[in-house]
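Here is a short briefing on one protein model. Look over the sequence and the structure before reading the points below.

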Amino acid sequence: MDVDPPREETPKVPKRHDFLWFPDGNVVLATDASLFKVHKSLLAVHSSVFRDMFELPNVGHAGVVPGRDDAGLASEAYEGVPMVTLVGDKGEDVAHLLRAVFEPNTKYDFNTVRKNVILHISRNYPKTLREYDALYGYNSPMFGKRRTECHFPLLAAAVTAEVDVLLPSLFLACSELDINEIIRQSQSITLETLRILIDGRERLAYVKVEIVDTLSQQLRTMDANGECQNEVPCLQDACFIDIQDFVISSLGDIVGEQVVRYYLSPVCKGCGSFMARMVDEERKGKWDDMPSHFDSEFAFTDWKELKAKLKAILES
Ligand SMILES: [Zn+2]
């Protein structure tokens, strides 16, 4: 790429761009066709191309840039503001990049690609308990891989790209893997991400035990709403047993019917279905706070807040 030569006989004069001309901008970028008056700091944040460009000693200041053939640019001043001239293909690339930064809804928009990826991933990871239960134990491949092989790479990518709306579901999926599997796959995530994951996994262990613990404290005083088939209400003498298993169980296994079958001492059918409903209700309440257990800097308090943000992203 050549430095733009002096153009004494250049007939074509670039015109100010209709939209990308901010009166308070502090740099003018010139391509063959257009002039863009924009903000250096905003461009530098969005693009390493611009960041590197503005770090060159003479760029963004009046004057030429000697010997910068590879950069495809030259620097001078336009109405008192530093001007960078971008020539040939480089100019066209930069024009596209500028539109992506300042015009979020154009076809050049990286944001559209990002939204599609977010949508696709979010559909594969649950945000409601109903979706979670439907996907639980579902082993068909995702993105051409085993589902359990996708959680960590996607978590690493979501953390890097700061896609906070995907984090709770991805953290949850990773946290439900066997601890040996977590260690095996942990090399793909940062130490801080691993800390949040393990911390959240421990918090969830408490939450899972709490689902039944709360009920066991009220058990003897509970009334199965007249559904008990025995003269002396079953729940007066009932108790939960072996609930320490819940610490390493997935939420998908702690559902009312299974808890009553495997962890409640024998009761009649009426009391059994009453208790199953109570367990499911507790479980639903615990699900609602799930995002708050993965305490990253982007933590959400609940799914409602997360879903509102996801909606806003997809509609932006
Ligand atoms: Zn009963």
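pLDDT is the predictor's confidence in each residue, from 0 to 100. This is a predicted model, in which local features need pLDDT of at least 70, side-chain atom pairs count only at pLDDT 80 or more, and totals for chains, interfaces and linings use all residues. Residues are numbered from 1 along each chain as its sequence is written.

**Confidence**
- The protein chain has an average pLDDT of 81, and 78% of the residues score at least 70.
- Over residues 60-74 pLDDT stays under 50. For residues 60-74 the model has 43 contacts beyond four places in sequence (two residues are in contact if their C-beta atoms, placed from the backbone, lie within 7 Å).
- Where pLDDT is low, the predicted coordinates should not be read in detail.

**Strands**
- Strands (E, at least two residues) and helices (H or I, at least four) are DSSP runs, numbered from the N terminus.
- Strand 1 (residues 15-21) pairs with strand 3 (residues 34-38) in the parallel sense, over three bridges; two strands pair if DSSP finds at least two bridges between them.
- Strand 2 (residues 27-30) runs antiparallel to strand 3, joined to strand 3 by four bridges.
- A hairpin of three residues links strand 2 to strand 3.
- Alanine 30 is opposite leucine 35 in strand 3, and tryptophan 21 is opposite lysine 37 in strand 3.

**Helices**
- The axes of helix 9 (residues 191-218) and helix 11 (residues 269-288) come within 9 Å and cross at roughly 140 degrees. Axes are lines fitted to C-alpha atoms, for helices over the stretch in contact, and angles run from 0 to 180 degrees between N-to-C directions.
- Helix 9 is therefore oblique to helix 11 (angles under 35 degrees count as roughly parallel, over 145 as roughly antiparallel, 65 to 115 as roughly perpendicular and the rest as oblique).
- Residues making the contact include Val207 and Leu215 of helix 9 and Met278 and Lys286 of helix 11.
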